[in-house]
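Dear colleague,

I am handing over the structure we spoke about, and my notes on it follow below. Please read them with the coordinates open.

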Amino acid sequence: MTLTFHWFLPTNGDSRDIVGGGHGVPSGTAGRARPASVAYLGQIARTAEQLGFVGALTPTGAWCEDAWLSTAMLTEVTERLKFLVAFRPGLLAPTLAAQMASTFQRLSRGRLLLNVVTGGESQEQRAFGDFLDKDARYARADEFLHIVRGLWRGETVDHTGTHLRVEQARLHRLPDPTPPVYFGGSSAAALPVAVRHSDVYLTWGEPPAQVAEKLDRVRSLAAAAGRELRFGIRLHVIARDTADEAWAQARRLLDGIDEADILAVQNGLRRSESEGQRRMLDLHGGSRDGLEVAPNLWAGVGLVRGGAGTALVGSHTEIADRIAEYHALGIDEFILSGYPHLEEAYWFGEGVLPILHERGLWRHPDGQPATEHVDVPFAGAPAPRREPEPAAAH
């Protein structure tokens, strides 16, 4: 199996510096540098499509634009790129969500992927009218996905559960193809739901040993449930021609972070109910020191950003090596991002993907070569012989 790469759409705005946001964290300077307009997001989406990314993750939360609406608009300025739409099941009725997914698939010609996010912050959930606690949110997501998957199979669904109830629910038009479900979560409440309903289990970018332990646990639970999952990882990336250039960029990003911002963000993130967020915080402990937590894995992003807080940093070859290392653990899908998202897509797409192509680990979804040689007409031909001009008449 060749590797699948997805990029990220910064629907809270983009910048040449690290942009905060997620898990109750303010989005910092995003929006003042590069607003999340259709024009700019379209640039990123078309670039990702051209470089060979399969899809693009779009986040969910009060801190960014709505993922469903944003991506629906972007289907009109792209041709092949799929959209990994993050959404929270507690904020949509299951029949409506199943219908929305079916409509999206039909009108986009099958370009929807779904990232189910239960919501890790009760304070933000209450702002949306959701007053369940974390464990209850996972229990509700379990019921929600049970209903939705039944509807996608063409069943008439009657369900009376602890959190959800539907009677004679049925879709008049089924999604084709059925959108795959991506699901993350590291807690005891999350894992059983993930193995029952997800097609791709997602982890944030922890060191390989920690990722291996987590995947083994999920595989064991999935096997007990009679299922086999694919695995994906969410990372930032700083890839350059040389390692020195890449680490210089990481230092530049770190130098742009104010100590007061680190303190404020870390205090906020420590209140998070997310087990995955706690694991991210444990990697750096809120300190600028010791941020390379594994070879080429830098935890500096997580000092001021909630959610995914680690980046692969290094030369194109080093980044390719680390991707191959994660792949050896069972990771087949990589959801990447970088600041700013337009330029970093080119650094990775033009620098790392050709190396993975040469190693037989990746091929362009359109069947294009990783690098294309263009012959310039006559570039190597000798200059034409000029005949002497006739003498001028006098």
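A residue counts as buried when its relative accessible area is under 20%, and as exposed when that area is over 50%. The model is a predicted one, and by this cut-off Asn296, at 7% relative accessibility, is buried. Asn296 sits in the loop between strand E10 (292-294) and strand E11 (297-298), and its phi is near 65°, a positive value in a residue other than glycine.

Arg109 likewise is not a glycine and has a positive phi, of about 65°, but Arg109 is exposed, because its relative accessible area is 58%. Its place is the loop between H3 and strand E4 (112-116).

The axes of helix H2 (residues 67-74) and helix H3 (residues 94-108) come within 11 Å and cross at roughly 15°, so the two helices are roughly parallel to each other, and the crossing in which H2 passes H3 is left-handed. Trp68, Thr71 and Ala72 of H2 make the contact with Met100, Ala101 and Phe104 of H3, and these residues divide into five nonpolar, one polar and no charged.

The bond from Asp176 to Pro177 is cis, with omega near 0°, and Pro177 belongs to the loop between strand E6 (165-169) and strand E7 (181-184). Tyr339 and Pro340 are likewise joined by a cis peptide bond, with omega about -10°, and Pro340 lies in the loop between strand E13 (331-337) and helix H12 (341-351).

Methods:
Residues numbered from 1 in each chain as written. Predicted model: local features only at pLDDT ≥ 70, side-chain atom pairs only at ≥ 80, totals over all residues. Heavy atoms only, no water. Axes fitted to C-alpha atoms, helices over the stretch in contact; angles between N-to-C directions. Helix = DSSP H or I, 4+ residues; strand = E, 2+ residues; numbered from the N terminus. Parallel < 35°, antiparallel > 145°, perpendicular 65-115°, else oblique. Left-handed = near helix turned anticlockwise from the far one by under 90°. Contact = heavy atoms within 4.5 Å. Nonpolar A, V, L, I, M, F, W, Y, C, P; charged D, E, K, R; others polar. Buried < 20%, exposed > 50% of the residue type's maximum accessible area, 1.4 Å probe, protein only.
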